[in-house]
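Here is a short report on one protein chain. Keep the sequence and the model in view as you read.

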Amino acid sequence: MSVIGLIIGVVIGALISGFVIWIVSKLGLGLEVDGFGSAFIAAIVIAIIGGLINWLLGVLGVSIGGGWLGALIQLIVAAVVLLISDRFIKGLRVAGFVGALVAAVAIGVVYWLLALLVGALV
């Protein structure tokens, strides 16, 4: 893959993630953003922090695994990433750990629905 293709893929992924975060913020489930620009920046910061946490867990030898336990751990990691991102992004607000958990579930559901929609169109 070329560098240009990689950059375009990253930008498109960030735009889609920003759109998902913006949608979830409109649902009033514990996550608020000031606008799409804040949601776009939040998507980039969340991706960086999530990548760092997953890398750190790998370095420490912590395997998340699959199944229900793996899904629960991923949900908790996603909530922690949202809480950490709240500290760095001016236009992002998370309503505590429970709000972060609910928002993480909602983000996952919106991604799933978008995947279903795209799969039905293709």
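## The largest pocket

Helix H1 (3-26), helix H2 (36-59), helix H3 (67-88) and helix H4 (96-121) each contribute at least two residues to the lining of the largest pocket. Helices (H or I, at least four residues) and strands (E, at least two) are DSSP runs, numbered from the N terminus. A pocket is found on a 1 Å grid over the protein atoms alone: it is an open set of points where a 1.4 Å probe fits, with protein on both sides within 12 Å along at least five of seven lines, and lining residues have an atom within 4 Å of a point.

The volume of the largest pocket is about 370 Å³. Its lining has 18 residues, and Ile46, Ala78, Val81, Ile107 and Tyr111 are the closest to the pocket centre. Volume here is the space filled by probe spheres set on the grid points, which are joined across faces, edges and corners. By class, twelve lining residues are nonpolar, six are polar and none is charged. Ala, Val, Leu, Ile, Met, Phe, Trp, Tyr, Cys and Pro count as nonpolar; Asp, Glu, Lys and Arg as charged; the others, Gly among them, as polar.

## Basis of the model

This is a predicted model: local features need pLDDT of at least 70, side-chain atom pairs count only at pLDDT 80 or more, and totals for chains, interfaces and linings use all residues. Residues are numbered from 1 along each chain as its sequence is written, and side-chain values use heavy atoms, with hydrogens and water left out.

## The chain as a whole

The chain has four helices and two strands. Their order along the sequence is α-β-α-α-β-α. The radius of gyration is 15 Å, close to the 14 Å that the globule rule gives for 122 residues, so the chain is as compact as a globular protein of that length. That radius is taken over C-alpha atoms, and the rule is 2.2 Å times the number of residues to the power 0.38.

The C-alpha trace spans about 35 × 35 × 30 Å along its principal axes. Of the 122 residues, 31% count as buried. Buried means under 20% relative accessible area, exposed over 50%, and partly exposed in between (1.4 Å probe, protein chains only).

## Two residues

Ser85 lies in helix H3. At 0% relative accessibility, Ser85 is buried. Leaving out residues up to four places away in sequence, Ser85 touches Val45, Ile46, Ile49 and Leu92; contact means heavy atoms within 4.5 Å.

Gly108 sits in helix H4. Its relative accessible area is 36%, so Gly108 is partly exposed.
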